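I opened my notebook to log a few look-ups. I took the surface to begin with, then the helices, then a loop.

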Amino acid sequence: MNLAEGVQVVSFGILGVMMIGAALGVVLFSNIVYSAFLLGGVFISMAGLYLLLNGDFVAAAQILIYVGAINVLILFAIMLVNKRQDFLPLPSAGLRKIITSVVSIGLFALLSTMVLATPWAYSSVPVAGESSIVLIGEHFFTDFLLPFELASILLLMAMVGAIILARREYLPDEVASSDMPQTILTLPERPRKLVLTGSGTGTEE
């Protein structure tokens, strides 16, 4: 992005504070759903940093793949399998916390030393060039057209398979042994029940 130097510095500061704050929230929040939402905030902040570095395709892929797919998948997995149960305290939990703190502080000191010791030479003059999205799109639809189409067919097959597995319900033994007309492409499903309004009984279809 061809922005003024002051705007770039302010934008970098805001995005950096957002990313660090959201990352701390991911680790420190006890509610795992809040942690998953804050993880999406970390991904969005990283996409903003990619935009400042003129990586428009990487920023778009960051939002589409990590925020739109992986983070949503994490949220669905948490909401589907999150069971309300009391976890027993692990033995020697205090020692593990001390070891984790020492390793984290060591990594932070190592990264800080690397950042301070590296000569970050940069030029304020923007480099003129073609957009990376245009270049990648040209390669996708010319040189790599066949792998691109095969990948789309593979993803479509995976989506159809996931829908079939999600809708499939196995019949109980007494229903499965009955003489119900089945075809090769028909999956056995549990008979649905119609719940009457205002009554506690239901009738099967």
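Which residues form a nonpolar patch on the surface? I note that the model is predicted.

**Entry: the patch.** I listed Phe 57, Val 58, Ile 133, Phe 140, Phe 141, Phe 144, Leu 145 and Phe 148. Together they have about 680 Å² of accessible area.

I picked out Phe 141 from the patch. I found Phe 141 in the loop between α5 and α6. Is Phe 141 buried or exposed? Its relative accessibility is 51%. The cut-off for exposed is over 50%, so Phe 141 counts as exposed.

**Entry: two helices.** I read that packed helices are described by the angle between their axes and the distance between the axes. I looked up both values for helix α1 (residues 5–28) and helix α2 (residues 32–52). The angle is about 155°, and the axes are 8 Å apart. Angles over 145 degrees count as roughly antiparallel. Therefore α1 and α2 are roughly antiparallel to each other. I also noted the handedness: α1 passes α2 in a left-handed crossing.

**Entry: a backbone angle.** Most residues other than glycine have a negative phi. I checked Asn 54, which is not a glycine, and found a positive phi of about 65°. Where is Asn 54? I located Asn 54 in the loop between α2 and α3. Its relative accessible area is 44%, and Asn 54 is partly exposed.

Terms used. Residues are numbered from 1 along each chain as its sequence is written. This is a predicted model: local features need pLDDT of at least 70, side-chain atom pairs count only at pLDDT 80 or more; totals for chains, interfaces and linings use all residues. Side-chain values use heavy atoms; hydrogens and water are left out. Patches are made of residues with over 30% relative accessible area and no salt bridge: like charges are joined within 9 Å, nonpolar side chains (Val, Leu, Ile, Met, Phe, Trp, Tyr) within 5 Å. Accessible areas come from the Shrake-Rupley method with a 1.4 Å probe; for residues, only the protein chains shown count as cover. A salt bridge is a side-chain nitrogen of Lys or Arg within 4 Å of a carboxyl oxygen of Asp or Glu. Helices (H or I, at least four residues) and strands (E, at least two) are DSSP runs, numbered from the N terminus. Buried means under 20% relative accessible area, exposed over 50%, partly exposed in between (1.4 Å probe, protein chains only). Axes are lines fitted to C-alpha atoms, for helices over the stretch in contact, and angles run from 0 to 180 degrees between N-to-C directions. Angles under 35 degrees count as roughly parallel, over 145 as roughly antiparallel, 65 to 115 as roughly perpendicular and the rest as oblique. A crossing is left-handed if the near helix is turned anticlockwise from the far one by less than a right angle, and right-handed if clockwise.
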